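Please examine the sequence and coordinates shown here.

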Amino acid sequence: MDMMLHTEKIPIRGQYDLLVAGGGVAGVAAALSAARMGKKVLLLEKSQKLGGLATLGLINFFVPMCNGRGRQILFGMAEEFLRESIRYGYDTLPADFGQPGSGARYCTKYSPELFALRLTEMLVEAGVALMFDTIACEPVMEGAHCRGLIVENKSGRSFYAGGMVLDATGDGDLLFRAGVPTVARGNYHTYLGFGITLESCRNAAERGNIRHAITSCSGGNATLYGDRQPDGLPLYGGTSSDSVNDYLIRNQLELLQKYKHDDRLSRDIVTLPGMCQFRTTRCIVGNATLRESDAFRHFDDSIGAISDFDRRDYLYEVPYGCLVRSGYDNLLTAGRSASGEGYGWDVLRVIPPAILTGQAAGIAACLAIDSCRAVAEIDIMNLQQQLAQTGVLIHFDDAWVPEKLEGKRENIEDGQL
């Protein structure tokens, strides 16, 4: 069967309960959650591996999932994914987390390649239809309802119908093209790769831990807060071809320049990031927006408590409204394009909260299908119960809010998150 779209014949390839565009950790969590609830799910990923910035982007760090005082805050699929990230590779989990006076935070580095492979295995085991090397080009809209997605890959252009459509591209590309209100923000000059040296190899051999063989290398090395941003260099928008190419060319040439005069037999670059390391490009204007001022605030529609990765004590609850926009009955988002503002967006977009929002979005899509409701109008208490059954902490305890806040940012991992 063919259909006429934009004066060209595009074959209809299939129909699914849930279409997930983007195979970062948020998209994987959504697809996995929906598949575990018995839904037919298709996940589309434009690259050749899963995990997004957490693997392909070489940001291989589960940021602190605790309040900085020995109490874990994030559970559910965020905890599950952390454990899977280190199942077959190294970790840096602190042995003294939770012990009085240790100050250790619940976080870890991991092998991005092994984690990517494990994510593929998890989706296959759950029965998710997985399509690599496929770009979700355009939503097909009937008013504010999305019939499905036009995709393109080696087989050409095709159309997939979906009962629910989740934009987990990280940039809100499909929601933007569907007409959902969005906002954009610039990105600093940061480009990090993995290197190796003879000295790091000796260090790894002496310690008996392969993790120490890998060093970092960088083009731009601006921090999360803009330190070391070159004077006069505009921020990268990341939502246009020109911006993407400017970012990649500048950073790759800058990185090469740093290597030109070294002993060429003493070091090498192991891998460059397989995607732009943009953190905040575009997010939806949702029914709710997480802001820094929402710290310690409770929300009736909370989908889970999260911690501030760079400040001890600061706790947030993520409103379900950050994932949806009323008027669009079967569109939702998760991950970096969830509705956030300022530093609230930064707290929301990192790996553990991205997994939480993906898990919630996948369950929400199923509830909307089962109840024949718009995704913004589902039974929130049912969603919260489903999440809580997996261990998600829906509301934090007010007793955990200290009388006096330090308010000091610790620049975790030198702010490069």
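## Basis of the model

The model is predicted, with local features requiring pLDDT of at least 70 and side-chain atom pairs pLDDT 80 or more, while totals for chains, interfaces and linings use all residues. Residues are numbered from 1 along each chain as its sequence is written, and side-chain values use heavy atoms, without hydrogens and water.

## Helix α2

Helices are DSSP runs of H or I with at least four residues, strands are E runs of at least two, and both are numbered from the N terminus. Buried denotes under 20% relative accessible area (1.4 Å probe, protein chains only). Helix α2 (residues 76–85) is largely enclosed by the rest of the structure, because eight of its ten residues are buried. Among these are Met77, Phe81 and Leu82, as well as Glu79 and Glu84. The elements covering the buried residues include α1 (25–36), β4 (61–62), β5 (108–109), α3 (112–126) and α8 (351–371).

## Cavity and pocket

On a 1 Å grid over the protein atoms alone, a cavity is a set of points where a 1.4 Å probe fits but cannot get out; a pocket is an open set with protein on both sides within 12 Å along at least five of seven lines, and lining residues have an atom within 4 Å of a point. One cavity of 30 Å³ or more is counted. Its lining includes Leu175, Ile284, Arg325 and Tyr328.

The largest pocket holds about 1,100 Å³ of space. Of its 49 lining residues, Lys46, Thr169, Asp171, Met275 and Arg336 lie nearest its centre. Helix α6 (241–259) gives the most to this lining, with four residues.

Note on methods. Buried < 20%, exposed > 50% of the residue type's maximum accessible area, 1.4 Å probe, protein only. Contact = heavy atoms within 4.5 Å. Points joined across faces, edges and corners; volume = space filled by probe spheres on them.
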